[in-house]
Amino acid sequence: MHEYSLVQSLVTRVEALALARKATAVHRLVVSVGELAGLDPELFQTAYDTFRTGTICERAAMELRRVPARWACSGCGRGIPKGEVLTCPDCGLPARLSAGGDEILLETIEMEVP
Ligand SMILES: [Zn+2]
């Protein structure tokens with residue numbers, strides 16, 4: 001399942017970061033998820049709760065932040081509001097995704113470093 005493999009790579013990354021900083025525990029994670037990532041937040045949470053057992057994330061709460069997609073003109077960079085025609089009113093160029101697209105970012109890790 002999509003969510004499970006994402007959670008797996010997330011936890012692997014957290015473990016690597018924790019190891020690099022010699023952390024003994026991870027308290028909290030903040031993960032931002034782009035609106036277009038095609039991720040089911042509930043399923044992601046469930047997958048995380050299942051997967052974190054026995055890992056350094058075992059007692060770490062995860063907060064998911066949904067990031068809305070933003071579009072901008074591919075020519076002048078003018079922001080195009082969601083729901084409008086995805087073409088720049090100034091130069092007529094097609095808009096491209098500028099932020100909050102399909103990325104899944106590990107934003108914050110709170111860990112215990114002795
Ligand atoms: Zn433009």
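Predicted model: local features only at pLDDT ≥ 70, side-chain atom pairs only at ≥ 80, totals over all residues.

Colleague: How many bridges does β3 form with β5, and how many with β4?

Modeller: Strand β3, residues 70-73, is joined to β5 by four antiparallel bridges. Within that pairing, tryptophan 71 of the sheet faces leucine 97 in β5, and arginine 70 is placed opposite alanine 99 in β5. With β4, strand β3 pairs over two bridges, again in the antiparallel sense. The bridge partner of tryptophan 71 in β4 is isoleucine 80.

Colleague: Which residue takes a positive phi in the hairpin of β3 and β4?

Modeller: That residue is glycine 77, with a phi near 85 degrees; the hairpin has five residues between the strands.

Colleague: What is the order of the strands in the open sheet with mixed pairing?

Modeller: That open sheet also consists of three strands, and their order is β2-β1-β6. The edges are taken by β2 (61-67) and β6 (104-112); each has a single partner strand, so one side of each is left without a neighbour in the sheet. On average, neighbouring strands of this sheet are turned by 15 degrees against each other, direction ignored.

Colleague: How many bridges join β1 to β6?

Modeller: Eight bridges join β6 to strand β1, residues 25-34, and the two run antiparallel. In this pairing, leucine 29 stands opposite isoleucine 109 in β6.

Colleague: Which strands do the helices α1 and α2 lie across?

Modeller: Helix α1 lies across β1, β2 and β6, and runs at about 40 degrees to β6. Helix α2 lies across β1 and β2, at about 160 degrees to β2.

Colleague: At what angle do the axes of α1 and α2 cross?

Modeller: As a general principle, two packed helices are described by the angle between their axes and the distance between the axes. Here the axes of α1 (residues 2-20) and α2 (residues 41-51) cross at roughly 55 degrees and come within 9 Å. The two helices are therefore oblique to each other. The crossing of α1 past α2 is right-handed.

Colleague: Which residues of α1 and α2 meet?

Modeller: From α1, the residues in contact are Glu3, Tyr4, Leu6, Val7, Gln8, Leu10 and Val11; from α2, they are Leu43, Phe44, Thr46, Ala47, Tyr48, Thr50 and Phe51. Sorted by class, this contact has 10 nonpolar, three polar and one charged residues.

Colleague: Where does glutamate 35 lie, and what is its relative accessible area?

Modeller: Glutamate 35 is found in the loop between β1 and α2. Its relative accessible area is 28%, so glutamate 35 is partly exposed. Glutamate 35 and glutamate 103 are 68 residues apart in sequence, while their C-alpha atoms are 8.6 Å apart in space.

Notes: Residues numbered from 1 in each chain as written. Heavy atoms only, no water. Axes fitted to C-alpha atoms, helices over the stretch in contact; angles between N-to-C directions. Parallel < 35°, antiparallel > 145°, perpendicular 65-115°, else oblique. Left-handed = near helix turned anticlockwise from the far one by under 90°. Contact = heavy atoms within 4.5 Å. Nonpolar A, V, L, I, M, F, W, Y, C, P; charged D, E, K, R; others polar. Pairing = 2+ DSSP bridges. Buried < 20%, exposed > 50% of the residue type's maximum accessible area, 1.4 Å probe, protein only.
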